[in-house]
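Here is a short note for your review. The points follow the model below.

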Amino acid sequence: MVFFSQMLINGIVVGSIYGLVALGFVLIYRASGALNMANGEFVIIGPYICLVLMTAYDIPFLVALLITLVFSAILGLAVERLVVRPIQNAPVISVIMATIGLSSLLAGAVHMIWGHQTRVFPPIFPPTPVEIGGVIITPVYLWSFVVVIALLILFLLFFKFSKMGIAMRAVADDRTAASSMGISVKYVYAATWTIAAVVAAIGGVLLGNINGVSPTMSAIGLTVLPVVILGGLDSVLGAIIGGFIIGICQNLAGGYLDPLVGGGLKDVVPFIIVLLILMVKPHGLFGSRGIERV
């Protein structure tokens with residue numbers, strides 16, 4: 001029972017980070033109808049920047065994190081202006097292919113600048129673990145969960161009540177109608193890519209503190225894709241709940257099934273879950289079904 005609780009808690013923490021990163025996918029899909037296949041690279045660039053600022057320049061973590069988020073926001077804005085905006089009116093597949101090319105470009109840059117080895121963050125959280133009911137929780141897991149939950153609540157409130165959040169929802173529902181009401185679609189697109197890059201960087205920094213930083217972290221972009229599909233491509237709430245489901249199932253599979261089959265099943269489980277769910281709900285758990293009139 002203690003082992004199950006340990007796997008469950010780890011899954012909840014990792015799943016909450018999945019949900020945060022999945023928000024970037026959902027925001028961009030709602031705005032443009034395309035998937036950002038470079039989201040995994042957005043995740044790994046943030047922690048590398050933060051780590052370099054802390055180790056090479058001896059900058060405190062919170063200041064380094066703030067600088068990282070500013071850099072990520074500029075990166076997201078630059079990608080929207082230089083890569084996405086010129087092909088804004090092109091077919092969706094063109095945008096997807098552009099982000100795939102961007103993914104390869106950023107991955108190559110990461111390898112050239114920082115190499116292939118795993119780097120570890122300096123100790124940021126207290127080293128003493130917390131024991132709850134026989135389950136040992138390291139502070140980095142506990143604080144990561146608290147930070148992610150606070151951010152998820154903040155983003156939900158932002159989308160529901162803020163002027164920009166309402167504008168994003170309006171553009172997602174009907175781009176033409178939103179434009180006719182005076183909403184700047186280009187401004188919303190820029191804000192969407194900026195926010196997506198920032199949340200990816202935050203998720204990357206948290207994962208970097210848990211597992212270290214390496215170019216293989218970009219694989220989270222592929223792992224989070226089932227999260228988005230499971231919750232519904234256009235659902236913010238679905239991304240959050242899908243993150244928890246995938247994170248928990250993945251960790252339980254890694255703890256119980258991987259030893260039986262020799263490993264590897266943990267990485268496959270998210271895609272198995274998505275296939276099973278899509279057989280019953282083709283638009284995901286919370287995705288909206290499009291209506292076509294003929």
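Which residues have the most contacts inside the largest nonpolar core?

1. Basis. This is a predicted model: local features need pLDDT of at least 70, side-chain atom pairs count only at pLDDT 80 or more, and totals for chains, interfaces and linings use all residues. Residues are numbered from 1 along each chain as its sequence is written, and side-chain values use heavy atoms, with hydrogens and water left out.

2. Core. Leu20, Phe42, Phe155 and Val224 have the most contacts inside the largest nonpolar core, which has 85 residues. Helix H8 (residues 185-211) supplies the largest share, 17 residues. A nonpolar core here is a set of buried Ala, Val, Leu, Ile, Met, Phe, Trp, Tyr and Cys residues joined through side-chain atoms within 4.5 Å. Helices are DSSP runs of H or I, at least four residues, numbered from the N terminus.

3. Leu20. Leaving aside residues up to four places away in sequence, Leu20 touches Val148, Leu151, Leu152, Phe155, Val199, Ile202 and Gly203. Contact means heavy atoms within 4.5 Å.

4. Salt bridges. The count is two, each requiring a side-chain nitrogen of Lys or Arg within 4 Å of a carboxyl oxygen of Asp or Glu. Glu80 pairs with Arg81, with the closest N and O atoms 3.8 Å apart. Glu80 also pairs with Arg85, at 3.2 Å from N to O.

5. Glu80 is buried, at 0% relative accessible area. Arg81 is partly exposed at 46%, and Arg85 is partly exposed at 23%. Buried means under 20% relative accessible area, exposed over 50%, and partly exposed in between (1.4 Å probe, protein chains only).

How values were computed
Helices (H or I, at least four residues) and strands (E, at least two) are DSSP runs, numbered from the N terminus.
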